[in-house]
Amino acid sequence: MAQINIGQGQGITQAIASHLGMSKDDCKKVGLAQWQQVMSLVDQNNTQNKTNKEQSIFSGGNNVKNLGNSANWKTDFVVQQGTVEIQQSLWDKIVAILKPSAAAPSAPTQSETPAQSDAPVEVPETPKAGQTAELDAFKGMEAKAREMTFEEALNDSTPENGVSMVNDEWREMANRGDAATGEKYQELVKKFGLNYTRQLDEKYGNGDGTLTYEEFEKHQSEDITPDADADVRAAMKEAIKNAFERLDLNDDNKLDSKEITTLLAAMDYDKDNNVNGRITINDFFRTSIQLGEGDRQFLDDLLEYNYNSFFGKDEE
Ligand SMILES: [Ca+2]
Ligand SMILES: [Ca+2]
Ligand SMILES: [Ca+2]
């Protein structure tokens, strides 16, 4: 929970900027589109508060499209002097939008320093046919998970058991707080996602680089054991269908590399919402469970956020 103090004469955007310690120069670097994203998140929180009969953050109009229009400045997003609260998960996204270098991806946590032994997956410069490093990394992780009980697997965050989407160069950048860490992260995860999608489609599909439902189902059904009974089969089919619909963010009935990359980026979040370029077994399991659910999940927010962050809102 972030508590934002709204000073006399301040609007909500100014209060958020002050809370983040942003200077005038910092604020100039933030475009209208970013503020619209931020205010969409604040609006989301406000709507939830209304539903839960909690204190509103603002009153008046809430159309973020009018944010740059001075005619609306007195009527929209009206706040009172005092303190408003923003949910931590939404606040983290706001920080990521306004201060991308300070937020995700964070430096590796203390449990894993680059000096520790781990074998990062080599990320090729361009997709190369016939190479399967990314797919193999997932297979290796799943094999390790199968040696554990379900409980053990669900709680396993051992770095070397997971899948690394970044390399040592990136970890060094993250460790020294390099301003380009976030940009480099996206570059590496995009490459990883492109290769992984291509490898999936070469193995389970027709190799055109996007996954149809049938191709995705073939991949996902691998986990159904031959002796599974009809009920288990039906439940798993349902989960696969939910996952496909959830991941098809542009509704074209295919999963392209952008959508698979978005999933990988969402999987990177650990239970405390930190990102470190590594999908641990715990990250993988938590995401997989939400992936198959029929109702809206936190994962849907992460997918939406990451798709926009990686590929831009208007890009198809
Ligand atoms: Ca295909
Ligand atoms: Ca799609
Ligand atoms: Ca992670």
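The model is predicted, so local features need pLDDT of at least 70 and side-chain atom pairs count only at pLDDT 80 or more, whereas totals for chains, interfaces and linings use all residues. Residues are numbered from 1 along each chain as its sequence is written, and chains are lettered from A and ligands numbered from 1 in the order in which they are written.

Helix α3 covers residues 32–51 (helices are DSSP runs of H or I of at least four residues, strands runs of E of at least two, numbered from the N terminus). Buried residues of α3 are Q37, V38, M39, L41, V42, N45 and N46 (20 or more other C-beta atoms within 10 Å of a residue's own, with C-beta atoms placed from the backbone). Their cover includes α1 (12–19), β2 (82–86) and α4 (88–98).

The axes of α3 and α4 come within 9 Å and cross at roughly 175° (lines fitted to C-alpha atoms over the stretch in contact, with angles from 0 to 180 degrees between N-to-C directions). The two helices are therefore roughly antiparallel (angles over 145 degrees). Q34, Q37, V38, L41, Q44 and N45 of α3 meet L90, K93, I94, I97 and L98 of α4 (C-beta atoms, placed from the backbone, within 7 Å).

Conventions:
The expected span of a helix is 1.5 Å times one less than its number of residues. A residue is buried if 20 or more other C-beta atoms lie within 10 Å of its own, exposed if 12 or fewer, and partly exposed in between; C-beta atoms are placed from the backbone. Two residues are in contact if their C-beta atoms, placed from the backbone, lie within 7 Å. Angles under 35 degrees count as roughly parallel, over 145 as roughly antiparallel, 65 to 115 as roughly perpendicular and the rest as oblique.
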